[in-house]
Amino acid sequence: MHRSSEVKHVASYLNTRGCECFGQPCESHCPVLTDRTIHVQLKTFIKIRVKPDRTGVVTDGVKHSMNPFCEIAVEEAIKLKEKKLVKEVVAVSCGPQQVQETIRTALAMGADRGIHVEVSGKDYETLGPLQVSKIFAALAKKEQADLIILGKQAIDDDCNQTGQITAALLDWPQGTFASEMTLEADKLKVVREVDGGLETIKINLPAVVTADLRLNTPRYATLPNIMKAKKKKIANVKPADLGVDVCSRLEVLKVDEPPQRQAGVKVETVDDLVGKLKEAGRV
Amino acid sequence: MFPACRYSLQARRCVGALKAVQAEHVAPQVYSTRSSSSTVPRITTHYTVYTRNKDPRWEGVEMERFADEADVVIVGGGPAGLSAAIRLKQLANQHEKELRVCVVEKASQLGAHTLSGACLEPSALSELIPDWKERGAPLNTPVTEDKFSILTEKYRIPVPILPGLPMNNHGNYLVRLGHFVRWLGEQAEELGVELYPGYAAAEVLFHEDGSVKGIATNDVGIAKDGSPKDVFERGMELHAKVTLFGEGCHGHLAKQLYKQFNLRENCEPQTYAIGLKELWVIDEKKWRPGRAEHSVGWPLNRNTYGGSFLYHLNEGEPLVAVGFVVGLDYTNPYLSPFREFQRWKHHPSVMSTLEGGNRIAYGARALNEGGSQSIPKVTFPGGMLIGCSPGFMNVPKIKGTHTAMKSGMLAAESAFSKITDENLQSETAGLYIPEYEEAFKKSWIWKELYSVRNIRPSFHSYFGLYGGMVYTGIFYWILRGKEPWTLKHNGLDSAQLKPAKDCTPIEYPKPDGKISFDLLSSVALSGTNHEHDQPPHLTLKDDSVPVAHNLAIYDGPEQRFCPAGVYEYVPLETSDGMRLQINAQNCVHCKTCDIKDPSQNINWVVPEGSGGPAYNGM
């Protein structure tokens with residue numbers, strides 16, 4: 001069978017802990033999935049409180065929404081679809097019932113179908129990048145994805161691990177912190193934002209890409225699209241069905257608020273400053 | 001613009017009415033282009049003031065809107081809107097009819113823009129959903145104790161709350177209204193109502209015969225300077241046989257409808273108050289779940305209407321809802337409702353409760369004070385007004401949720417038969433439902449509001465607060481509001497300010513960071529945010545008026561009455577003088593500026609959906 005240069009499917013993953021995105025070029029006529037994960041996280045500017053029992057933060061009633069980097073990832077997948085470089089975009093999320101709303105937002109932006117990996121209760125509270133990566137790796141194989149696009153990190157836990165772990169589990173190349181991404185035949189050119197500047201790499205498909213801020217500007221999910229998205233399918237899957245054990249290897253011992261910032265002290269002269277430093281035992 | 005104080009009360013009212021008509025917001029398509037003078041920096045860029053038809057940046061931009069049909073569209077997912085939606089679906093199920101009901105709500109999720117004390121009378125809820133307890137409605141705190149006090153600077157004078165007085169709360173529940181609204185939303189969704197939070201109704205649509213056709217949601221992707229961004233998307237049109245407007249107190253679409261259909265020709269202008277509220281987790285030893293405390297007096301003088309509430313909630317942790325209400329007919333432009341609230345918390349009787357506690361939430365919202373005298377016509381071809389938008393709050397009780405819910409239910413019941421009647425010959429394309437107005441006049445809402453109609457206006461005499469209390473004692477408690485006269489209000493709130501030179505600035509104490517706080521840290525707690533790259537939604541009809549008029553005559557009262565620090569007068573960078581800076585991102589959608597601006601130059605329009613406060617159970 002002639003190997004198509006087209007990436008057939010794009011899948012997006014919605015992840016409550018990390019963004020994951022994966023896809024694989026398909027050599028046969030079967031569809032290729034590019035996955036993108038959309039991370040569901042607590043809205044940025046809401047004041048977060050530590051729970052009285054110090055096991056975590058209060059999330060009840062707090063608005064959850066799509067991780068901004070995941071929005072960028074979804075947008076990128078849809079752009080690829082609009083350029084007819086990929087056939088199908090699948091949005092995936094792991095979490096309780098409420099993540100369906102976020103999957104719908106991705107569907108409203110243009111994803112074709114969604115997969116909701118049900119994780120709730122205690123399992124959800126301890127769900128971390130390792131478990132999510134395992135889920136994504138399993139789904140990638142199942143859906144035969146070509147490309148996974150995720151946000152680079154979740155803004156509630158700042159782990160920045162899921163994309164990398166997924167790539168390792170699948171033994172796929174990875175292009176992380178992508179600020180530009182071009183599909184050339186069956187290779188992917190990725191411009192990465194690194195500390196020293198910009199690094200351009202060429203990786204084979206299937207690959208994992210994590211989106212950074214400057215990759216694109218996500219479109220709005222308009223109301224007519226939200227209404228249409230209600231008709232798109234969201235499949236329900238359990239981690240056990242994928243053969244993944246979501247048991248956490250980490251135990252959170254304690255969560256505390258950041259220490260209150262102490263008021264500063266103004267000093268009049270340099271001698272005063274030195275004196276105060278000596279008092280504080282710094283000199 | 002005429003300084004109001006120079007004229008007699010009568011003339012002042014005429015001037016106020018004139019100003020209101022002049023300033024009234026017309027339908028967005030009919031705006032005159034006013035440019036600010038060259039020396040005044042441009043502040044307003046919104047398309048409701050500067051039309052896009054003639055704007056060269058908008059040439060060639062696709063302005064066609066996607067349209068969809070529903071049977072009923074409800075603007076506002078609050079108690080009134082959701083009660084109407086639930087009632088419609090209940091009736092539809094009962095009569096086995098298909099009904100498409102869509103609710104649009106500007107908040108990102110239901111309850112995020114809801115703020116109230118709140119002490120809920122469960123009457124309307126029991127009518128709507130009799131098994132609310134089994135369904136898990138979050139009414140967890142029955143009122144066990146009522147306390148009412150008159151405060152002086154150092155002391156507290158207790159006032160007995162005898163049965164029959166409006167402040168008696170036996171049988172009521174202390175609730176977190178945001179959570180209650182969220183629960184109502186779940187009930188609505190179960191019945192098949194389509195809820196669309198995050199989408200604001202920005203424009204009313206009209207049929208050719210002038211009746212209401214539906215609404216259009218907000219456009220997205222307009223840059224701060226008014227030009228289209230790459231991600232620009234037009235809003236969507238939702239057409240309906242009848243549209244219910246439940247925007248809450250001083251809704252921006254309702255403002256247009258009053259003008260369009262002349263709904264206020266036979267009623268008094270609405271008067272308002274601003275309510276500020278905080279949630280505190282207090283020391284367990286001080287917690288008395290079920291206690292509802294109210295106070296009047298200090299720090300307000302006897303001629304400034306207002307008071308406080310402190311409710312001990314029973315929701316697992318020692319939580320209290322504490323707040324302060326100030327009537328917006330205050331006359332001193334130096335008054336800052338926010339700082340009065342912060343100052344009040346330092347009263348010994350309040351500090352004893354809050355000491356050692358932690359503040360976890362803050363918010364503010366305007367509320368109605370007009371009562372039955374200020375209720376406009378509530379029905380017009382194609383639409384109806386429900387809830388606090390027309391304003392059914394029982395002012396002395398400070399309760400408006402039960403009447404808002406009932407009004408939603410009545411609107412639903414009146415509309416149902418007409419909507420589902422296939423053989424109906426309607427005169428107008430949008431259905432006209434006068435039955436709603438009749439039903440409402442016959443209901444307990446009207447009886448209740450009528451009996452308390454004179455209490456608020458009785459505060460307008462020289463004796464202020466004390467006159468009002470005496471009046472309440474005699475005419476309400478003894479005579480149950482049966483007196484044959486109806487007192488009038490003072491006119492528009494915006495016309496009440498005296499010029500700054502005739503008033504004394506108020507010395508407010510500095511916030512101590514433990515009981516009282518500064519404005520900006522409070523605003524941060526409200527979780528408010530807006531997409532920064534959009535035109536400010538606090539639009540000015542004339543950009544030069546704030547400095548020339550508000551600052552010059554009234555010393556810029558908007559700097560003080562805005563509970564979110566949106567308005568700031570800052571020095572001009574290049575020359576002498578000041579300019580108004582609008583920090584639209586801070587806005588908590590309270591509507592106070594639209595109400596109290598003495599020049600009525602500020603017109604609050606809805607920003608991009610999902611923007612605004614992120615209240616959690618306020």
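Q: How many residue pairs are in polar contact between chain B and chain A?
A: This is a predicted model, and the interface can be read from its contacts. Chain B puts 29 residues in contact with 21 residues of chain A. Salt bridges between the two chains number zero. For residue pairs in polar contact, both at pLDDT 80 or more, the count is two.

Q: Which element gives the most residues to the side of chain B that touches chain A?
A: The elements of chain B that give two or more residues to this side are β12 (220-222), β13 (228-233) and α12 (519-525). With three residues, the top contributor is β13(B).

Q: What share of the area buried between chain B and chain A is on carbon and sulfur atoms?
A: In chain B, Tyr196(B), Tyr199(B) and Val231(B) lose the most area to chain A, together 23% of what that side buries. By class, the chain B side has 13 nonpolar, eight polar and eight charged residues. The two chains bury about 2,100 Å² between them, and the share on carbon and sulfur atoms is 62%.

Q: Why do the buried residues of α5(A) lie on the same side of the helix?
A: Helix α5 of chain A (residues 162-170) has Thr162(A), Gly163(A), Thr166(A), Ala167(A) and Leu170(A) as its buried residues. They sit on the same side because the arc they cover around the axis is only 130 degrees. In general, an α-helix has 3.6 residues a turn, so residues three or four places apart point the same way. The value to look at here is the arc, only 130 degrees.

Q: Which residue forms a salt bridge with Arg219(A)?
A: Arg219(A) is in the loop between β11 (207-211) and α6 (223-229) of chain A, and its partner is 137 residues apart, in helix α1 (residues 68-82). At a relative accessible area of 21%, Arg219(A) is partly exposed. The closest N and O atoms are 2.8 Å apart, and the partner is Glu82(A).

Q: Is Arg87(B) buried or exposed?
A: Arg87(B), in helix α2 of chain B, pairs with Glu413(B) in helix α8 (residues 401-420), 326 residues apart. Their closest N and O atoms are 2.7 Å apart. Glu413(B) is partly exposed, with a relative accessible area of 32%. The cut-off for buried is under 20%, so at 17% relative accessibility Arg87(B) counts as buried.

Q: How many salt bridges does the structure hold over all chains?
A: One of them joins Asp68(B) and Arg100(B), with the closest N and O atoms 3.0 Å apart. That pair links strand β1 (residues 67-69) of chain B to the loop between α2 (79-94) and β3 (101-105). Over all chains, the count of salt bridges is 42.

Notes
Residues numbered from 1 in each chain as written. Chains lettered and ligands numbered in written order. Predicted model: local features only at pLDDT ≥ 70, side-chain atom pairs only at ≥ 80, totals over all residues. Heavy atoms only, no water. Buried < 20%, exposed > 50% of the residue type's maximum accessible area, 1.4 Å probe, protein only. Helix = DSSP H or I, 4+ residues; strand = E, 2+ residues; numbered from the N terminus. Arc of directions from axis to C-beta. Contact = heavy atoms within 4.5 Å. Buried area = accessible area lost by both parts, 1.4 Å probe. Salt bridge = Lys/Arg side-chain N within 4 Å of Asp/Glu carboxyl O. Polar contact = N/O pair within 3.5 Å; in protein donor to acceptor, adjacent residues only side chain to side chain. Nonpolar A, V, L, I, M, F, W, Y, C, P; charged D, E, K, R; others polar.
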